[in-house]
Amino acid sequence: MTTKTAATPEAQQAGQPQRRFTINLRQSGIYIAFALIVVLFTVLTDGALLTPQNISNIIVQNSYVLILAIGMILVIIGGHIDLSVGSVVALTGAICAVLTVQIGLPWPLAVVITLLAGGVIGAAQGYWVAFFGIPAFIVTLAGMLVFRALTLTVLGNQGIGPFPDQIRTLANGFTEGYLGNVGLGPLGGADLLSLLVGVAVVAGFGFNQWRNRKARLSYGQVVEPFPIFVAKIALAAAVVLAVVVQLARFRNLPWVLVLLAVLALGYSVMANKSVFGRHIYAIGGNLQAATLSGVKVKQVTFWVFVNMGVLAALAGVIFAGRLNQAGPTAGNAFELDAIAAAFIGGAAVQGGVGRVVGAITGGLIMGVINNGMSLIGAPSERVMLVKGLVLLAAVAYDVWTKRRGRA
């Protein structure tokens with residue numbers, strides 16, 4: 001579903017055909033919904049949702065789900081599903097605990113081995129899906145049971161901990177205030193380095209958007225009117241800076257937020273700019289056309305699952321470090337949260353559609369709902385009810401916009 005505005009003055013001046021700019025409500029609807037949910041819970045909690053400490057808690061508490069959502073969106077775009085990620089989180093967390101706590105390996109080596117183990121797990125599942133032709137639903141459902149059993153075997157039905165301080169810092173720690181604090185008037189003091197990082201992010205985002213707009217104009221493509229373009233950049237900048245200011249007022253930037261930012265940027269570039277990313281979209285959009293076009297479908301599918309295994313292992317390290325122990329029940333239902341985040345973030349059930357930023361936004365929506373309803377004292381069954389309805393509404397909206405587009 002789209003809304004339309006007149007052709008841009010730049011296009012008219014360049015002598016290009018006067019076409020109409022369209023706004024894709026299917027993509028922008030997720031951000032509108034996120035804003036409305038934040039406003040709703042801000043009102044219901046009397047502003048407690050947006051306090052510096054609570055914003056930090058939302059990011060730290062949902063970091064592992066956001067990491068899983070980045071991998072899951074690529075799996076879903078490729079037309080598959082992965083039900084085993086929760087069990088892989090538990091198993092890799094247990095492997096990291098054995099390596100660091102019981103064997104005593106240096107933590108960097110233990111983390112690298114854990115990530116490699118996640119890659120091997122993903123490769124094992126990817127082989128059955130890509131080269132043997134078994135549906136991903138069946139393969140990963142079997143993996144969910146197998147890897148949970150291996151977790152219980154490794155841990156012996158008991159937790160292992162505590163983890164080294166460095167792993168705990170990565171999961172729960174904050175950046176140091178290397179440049180000291182700066183006064184923000186009535187808001188009090190805030191970490192200067194965090195503020196500078198926020199300004200740099202906003203500047204980089206604005207420059208990248210301007211460069212993309214300029215490139216599209218040079219190819220004669222339709223772009224949004226310049227006032228709308230500026231308003232979008234200003235709104236995004238205001239949101240990012242507001243969050244950064246709140247975090248800088250509390251305990252600076254969480255290290256896991258830095259990790260998430262690097263992952264989001266890297267995977268967004270990979271999905272949108274690289275040949276591998278475009279092949280994933282092609283496979284999910286039309287498998288037969290992708291095959292006839294020369295896309296190596298089996299190899300791409302295989303590496304998508306390897307990537308999912310590595311990210312699940314990273315989430316396992318983060319989650320175990322946050323709890324300071326690896327437990328046999330870790331990762332329960334994480335696959336459902338990751339899948340929900342991807343679909344709420346705009347992924348299509350049939351594949352071929354979705355964005356990394358959308359999946360992260362979907363995960364944040366789930367996190368805000370969990371946190372907001374906890375702040376107002378809602379029982380757990382009501383939280384599950386609301387999350388289920390939000391997921392259903394997101395998929396229903398996706399189906400509705402598709403039908404409107406065909407009409």
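Predicted model: local features only at pLDDT ≥ 70, side-chain atom pairs only at ≥ 80, totals over all residues.
Residues are numbered from 1 along each chain as its sequence is written, and side-chain values use heavy atoms, leaving out hydrogens and water. Local features need pLDDT of at least 70 and side-chain atom pairs count only at pLDDT 80 or more, while totals for chains, interfaces and linings use all residues.

**Whole chain.** Start with the protein chain as a C-alpha trace, which spans about 70 × 60 × 40 Å along its principal axes. Switch to cartoon: there are 17 helices and four strands (DSSP runs numbered from the N terminus, H or I of at least four residues for helices, E of at least two for strands). The radius of gyration is 22 Å, close to the 22 Å of the globule rule for 407 residues, so the protein chain is as compact as a globular protein of that length. That radius is taken over C-alpha atoms, and the rule is 2.2 Å times the number of residues to the power 0.38.

**Two domains.** Next, colour 51–173 + 254–400 as domain 1 and 179–252 as domain 2; these bounds come from an automatic or database domain assignment. Their C-alpha centres lie 28 Å apart. Nine residues of domain 1 and seven residues of domain 2 make the contact (heavy atoms within 4.5 Å).

**The interface.** About 640 Å² is buried between domain 1 and domain 2, with 75% given by carbon and sulfur atoms; this is the accessible area (1.4 Å probe) that the two parts lose on being put together, summed over both. The number of salt bridges between domain 1 and domain 2 is zero (a side-chain nitrogen of Lys or Arg within 4 Å of a carboxyl oxygen of Asp or Glu). Select helix 3 (52–61) and helix 11 (255–273), the elements giving two or more residues to the domain 1 side. Helix 3 has the largest share, five residues.

**A salt bridge.** The structure holds three salt bridges. For one of them, select Arg 168 and Asp 165, whose closest N and O atoms are 2.9 Å apart. Both residues lie in helix 8 (residues 165–172), three residues apart, about one turn of the helix.
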